[in-house]
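Please open the model in your viewer and keep the sequence panel beside it. The stops below tell you what to select and what you will find there.

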Amino acid sequence: MAAHRRSRQRPAGGTTARTAATIALAGAATAAGFDGSGHAEPQPTPDRVRADADRLYREAEAATEKYNGAQERAESARRRLRALQDERARREDRLASARAALGSVAAAQYRGGGLDPALQLVLSEDPDGYLDGAALAERVGSRRKAAVGRVRSQLREIERLRGAARIEVTSLTSRRAELKRHRTTITGKLTAARRLLSRLPPERRAGLGEGTSRSSQGHRDGPAAPGPVTSPAAPGPRAAQAVSYAYRKLGSPYVWGATGPDAFDCSGLIQAAYRSAGVSLPRTTYAQIDAGRRIPRSELLPGDLVFFYSGISHVGIYVGDGRMIHAPNPSAPVRVAPLDEMPFAGATRVT
């Protein structure tokens with residue numbers, strides 16, 4: 001009976017287990033097949049990739065302008081710190097000279113001895129001469145007191161300069177940390193944009209990096225770099241020179257933080273163009289829009305600065321016929337483009 005029971009348990013248990021396992025595996029395979037095909041992510045279209053890459057480039061450019069502003073503030077802090085250190089060094093030199101002079105007077109007074117002034121008058125063979133000398137000594141003493149006062153004032157001023165220098169060191173340290181944060185943001189956005197574009201096969205990727213808008217394709221190349229601009233439409237010779245400089249830089253690469261002469265970001269190109277005309281402009285788009293007189297779009301002339309997006313994060317230089325020259329982003333070089341390829345935010349005429 002024991003053997004009979006064993007023979008009945010083996011087939012029943014083994015068959016049931018194998019059958020259950022087979023069914024489970026088949027079901028899992030079927031489920032996996034349906035699940036995989038049901039949740040496969042569709043390949044993004046070129047337009048979708050373009051839109052996402054444009055967004056990342058805009059965010060990177062906004063961070064670039066913040067980086068440029070932080071860099072400008074850091075450079076100002078460095079200049080103030082150097083000036084404070086130079087001034088402190090000059091005052092410490094003067095303090096050392098004043099202390100040396102006071103030390104000589106003190107040593108002479110000590111060597112002069114300690115006769116009471118009344119006794120010196122009694123013993124003097126020339127009382128009138130002694131009195132004249134005493135008056136001179138009193139005047140010398142007054143000057144010495146003034147010299148001591150000046151030394152004390154110099155000490156206080158040196159301590160003030162040291163405190164101011166400590167404040168600038170703290171400011172500079174903060175600016176450097178700010179620069180690092182913005183640099184991290186910029187590189188992260190640019191890396192994400194490049195990775196996004198790389199997901200497309202080469203035949204779909206072709207042409208995506210040549211601009212930020214399809215509407216720019218017909219204007220991208222623009223005219224070749226001309227000679228000096230002499231158009232009467234330019235509001236003045238400086239504006240004409242700035243436009244001429246921008247034309248000469250067509251094809252230059254976009255590099256964030258660059259101000260030329262061979263690479264630029266958007267505000268760096270504008271700053272360099274007007275620098276060539278002898279005009280000093282601020283470094284960032286946020287400051288450049290206030291560097292001249294605001295004008296409506298209907299009154300644009302070559303050389304005017306044109307700004308885009310609500311955050312004033314992009315700038316170009318107007319060249320006429322509804323077009324501008326600008327440095328778009330790392331996917332495209334300095335080029336001619338229509339104003340309508342980005343949301344217009346305002347314009348400024350540099351005076």
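Begin by selecting histidine 326, which lies in strand E4, a strand that covers residues 323-326; bear in mind throughout that this is a predicted model. Is histidine 326 buried or exposed? Its relative accessibility is 0%, and because buried means under 20%, histidine 326 counts as buried.

If you then set aside the neighbours within four places in sequence, the residues in contact with histidine 326 include Leu269, Val315, Pro333, Arg335, Glu341 and Met342.

Now move to the largest nonpolar core, which has 28 residues, and select Tyr274, Leu281, Leu305, Ile317 and Ile325, the members that touch the most others. A second, separate core of 19 residues can be found by selecting Ala53, Leu56, Ile186 and Leu197, which are among its members.

Finally, display the whole protein, in which there are eight helices and six strands, and follow the elements from the N terminus, where they run α-α-α-α-α-α-α-α-β-β-β-β-β-β. Of the 351 residues in the protein, 36% are buried, while the protein exposes about 20000 Å², with 55% of that supplied by carbon and sulfur atoms.

Note on methods: Residues numbered from 1 in each chain as written. Predicted model: local features only at pLDDT ≥ 70, side-chain atom pairs only at ≥ 80, totals over all residues. Heavy atoms only, no water. Helix = DSSP H or I, 4+ residues; strand = E, 2+ residues; numbered from the N terminus. Buried < 20%, exposed > 50% of the residue type's maximum accessible area, 1.4 Å probe, protein only. Contact = heavy atoms within 4.5 Å. Core = buried A, V, L, I, M, F, W, Y, C linked by side-chain atoms within 4.5 Å. Areas by Shrake-Rupley, 256 points an atom, 1.4 Å probe, with all protein chains shown as cover.
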